[in-house]
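Open the model in your viewer and keep the selection panel at hand. The tour goes stop by stop.

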2 protein chains.
Amino acid sequence: MAQDNGADRRRPTLTDVAALAGVDSSLVSRVLRGDPKGFASADTRARIMQAAETLGYRANVAARGLRNSRTMTLGLVLPGFSSPVYSAIAHGVEERARASGYGLVLSTHAVGDPHETITDMLMQGRVDAMLVASGLIEDTSLRQLVDRHPGSVVLVNRQVRGIAASVVVRDGDAAALAVEHLSGLGHRSICGVFGLRTVDTMVRRRNGFVRACKRLGVDATIVEMPDRDHVAGYEAAQRALQTTNPPTALLAGTFPMGVGVLAGARDLGVAVPEQVSVLALHNDQLADYLSPRLSTLSLPTRRLGAEAAELALSLIEGGTPRRVVVPDAPELVLRSSTATAP
Amino acid sequence: MAQDNGADRRRPTLTDVAALAGVDSSLVSRVLRGDPKGFASADTRARIMQAAETLGYRANVAARGLRNSRTMTLGLVLPGFSSPVYSAIAHGVEERARASGYGLVLSTHAVGDPHETITDMLMQGRVDAMLVASGLIEDTSLRQLVDRHPGSVVLVNRQVRGIAASVVVRDGDAAALAVEHLSGLGHRSICGVFGLRTVDTMVRRRNGFVRACKRLGVDATIVEMPDRDHVAGYEAAQRALQTTNPPTALLAGTFPMGVGVLAGARDLGVAVPEQVSVLALHNDQLADYLSPRLSTLSLPTRRLGAEAAELALSLIEGGTPRRVVVPDAPELVLRSSTATAP
DNA sequence: CTGTTAGCGCATTCAT
DNA sequence: ATGAATGCGCTAACAG
């Protein structure tokens, strides 16, 4: 059926549909959108639907956006897909956005300056709001952005003084839960492996860790690394495990760090979990395929994305910025990397 | 500096800039775009630039798109970010697109029917072309898409009869290289672990594997799994290793499958690489952090993305669809998962 | 119940 | 060297 409706290669417009249905384009617009004022007679209605169908008509988003000054798309900025957390967030956002008829444009730090990217997206009218899920953009830069585009920027798993619109998960509680588990296993000396204190999630997790240790009378040490990836975890483990009085358990601040810690211990000849227990924040399917299988603390990342989209949508509708904490409690996912203290 | 240029909360338009510079908006348009006919006097020119600068003017893409029927954005469909390959492709596309001033809209299979999604993107005028990097969409569905949108669809690492616009890497050669390495190590019986034969990349890798085995006189067996993820690799290893006459080496058709194979062998108590060698197609940083460190065949995935974007861009400019093979030869990245045959 | 009109922001003739 | 007029496709008053 390679039919070629005329020599017509351009997309059908409202006018095309109107012509085919023998009515005015404005009527078509109303009917197709289900506009309450578009109460066409059953007959015209049917003809319109029919025409739209045969032509494969889809409203042009540029024209519609121009008219309504609403693009119906959300932007999401991520550092990349290095961590499974980011894909989970992206899925959550996409799902929620789509449910409201919104599209999603994704952008990573891979290319160009993120501040610039965000400004462009907003100022060019590419998106109605931007979700920022990067710990790398500086606070001042973010404040500036929010200042210039009030009601159009939402922070994802990050809080910045002076910026209300943000949604986070209970990172601190997850770290605390980890400590509780370890403490229950008899560990009295735990080392936390985190990224820079300039990264909001890292300070929240770190605080949760420190407080829980204090509360439970556990000896806490901390290794702070410049990055939060495999490599950082690897090196942190090397560093922590080679001290004169090494901890009996390690808590990794991110999932990739946990993967690195496991490898670091292995290369040092330190057996996990026999000689040292390892736990990582954030869960991922991959954990089951590591050796040993890595126990984790699961946080609702997908919902994090969904809630962020939700907030952005409400802002677009004129809602007020607010701080939301995704209420789901962190869960301990026990696999094979923890055991009673040696 | 919470200055509020008037009560002005909406984005500045060409007219705003024109007013501030004391000229007509059409002149501003020409000057700002570097239109050859926009040869304003040095003075006006300066005033225009100045005005645009202070207002932070950015051309509205909807208006521009409407006028030019060109959105300046590319769409990319992926199954998800389960595999590092997809993020690499996305980065490659993003980079190349940006270099030509194009934006990128990413969409995964997470939500909704992909065929529908692609059609929508194109018909709604959200994008100028779509790159499809999914092995899951059926051939007929794809052909239909290309039929309806000639010159607007590019296949990424996939070939379909009747569709010219596609770019692939040398998958088959990578599989062959793997076999050569293993054969050189004395392995005479190798098991290939692949996904369904309905997936183009899988048949290309599989063919490369089979032919190389035949050529080198190696005994080839194949396990075909419905999926291509960790789980599939895990189960395939279990299956292959429990036969009466198990192979001495396994080649995993995807990186996640390789991860799964490693775990499968471990749980069977089969030592890698002492009892069985393991190799996986596609390289990733994670390989260094597995136990044992996983040897892989590296393929130019980032460039794959870049070339796909390149092709799409050329199609948009009216170029003709063509098949491109990224010429970079696959590379063996030796780590610790292969050894001489037992 | 349906048609007419106007304008969103921009790029492009065509004048001057 | 610069300005005026027009239309991309759509929606929202406002008629009738």
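Start with R322(A), which is partly exposed at 41% relative accessibility; buried means under 20% relative accessible area, exposed over 50%, and partly exposed in between (1.4 Å probe, protein chains only). This is a predicted model, where local features need pLDDT of at least 70, side-chain atom pairs count only at pLDDT 80 or more, and totals for chains, interfaces and linings use all residues. Residues are numbered from 1 along each chain as its sequence is written, chains are lettered from A and ligands numbered from 1 in the order in which they are written, and side-chain values use heavy atoms, with hydrogens and water left out.

**Stop 1: around R322(A)**

R322(A) sits in the loop between α12 (301-316) and β11 (323-325) of chain A. Helices (H or I, at least four residues) and strands (E, at least two) are DSSP runs, numbered from the N terminus. Select the contacts of R322(A), leaving aside neighbours within four places in sequence: A164(A), A165(A), S166(A), L311(A) and S314(A). Contact means heavy atoms within 4.5 Å. Now pick V259(A): its C-alpha atom is 35 Å from that of R322(A), and the two are 63 residues apart along the chain.

**Stop 2: salt bridges in chain A**

Select D328(A) and R303(A). They form a salt bridge, with the closest N and O atoms 2.6 Å apart. The rule asks for a side-chain nitrogen of Lys or Arg within 4 Å of a carboxyl oxygen of Asp or Glu. D328(A) lies in the loop between β11 and β12 (331-333) of chain A and R303(A) in helix α12, so the pair ties together parts that are 25 residues apart in sequence. D328(A) is partly exposed at 28% relative accessibility, and R303(A) is partly exposed at 33%.

Next take R10(A) and D16(A), another salt bridge, at 3.1 Å between the closest N and O atoms. Over all chains, the whole structure has 42 salt bridges.

**Stop 3: helix α9 of chain A**

Select residues 200-216, helix α9 of chain A. Its 17 residues should span 24 Å at 1.5 Å a residue, and the end C-alpha atoms are 24 Å apart, which agrees. The expected span is 1.5 Å times one less than the number of residues. Buried residues here include D200(A), R204(A), F209(A) and C213(A). Among the elements covering the buried residues of α9(A) are α8 (171-184) and β6 (189-194) of chain A. Just after the helix, G217(A) takes a positive phi of about 70°.

**Stop 4: D171(B)**

Switch to chain B and select D171(B), in helix α8 (residues 171-184). D171(B) is buried, at 1% relative accessible area. Its side chain makes polar contacts with the side chains of R204(B) (2.2 Å) and R205(B) (2.9 Å). A polar contact is a pair of N or O atoms within 3.5 Å; within protein, one must be able to donate a hydrogen and the other to accept it, and residues adjacent in sequence count only if both atoms are side-chain atoms.

**Stop 5: the interface**

Show both chains. How many residues of chain B are in contact with chain A? There are 56, facing 57 residues of chain A. The area buried between the chains is about 4800 Å², with 57% from carbon and sulfur atoms. Buried area is the accessible area (1.4 Å probe) that two parts lose on being put together, summed over both. In chain B, R58(B), M123(B) and Y289(B) lose the most area to chain A.

Four salt bridges cross this interface. Finish on R58(A) and E116(B), which form a salt bridge with the closest N and O atoms 3.0 Å apart.
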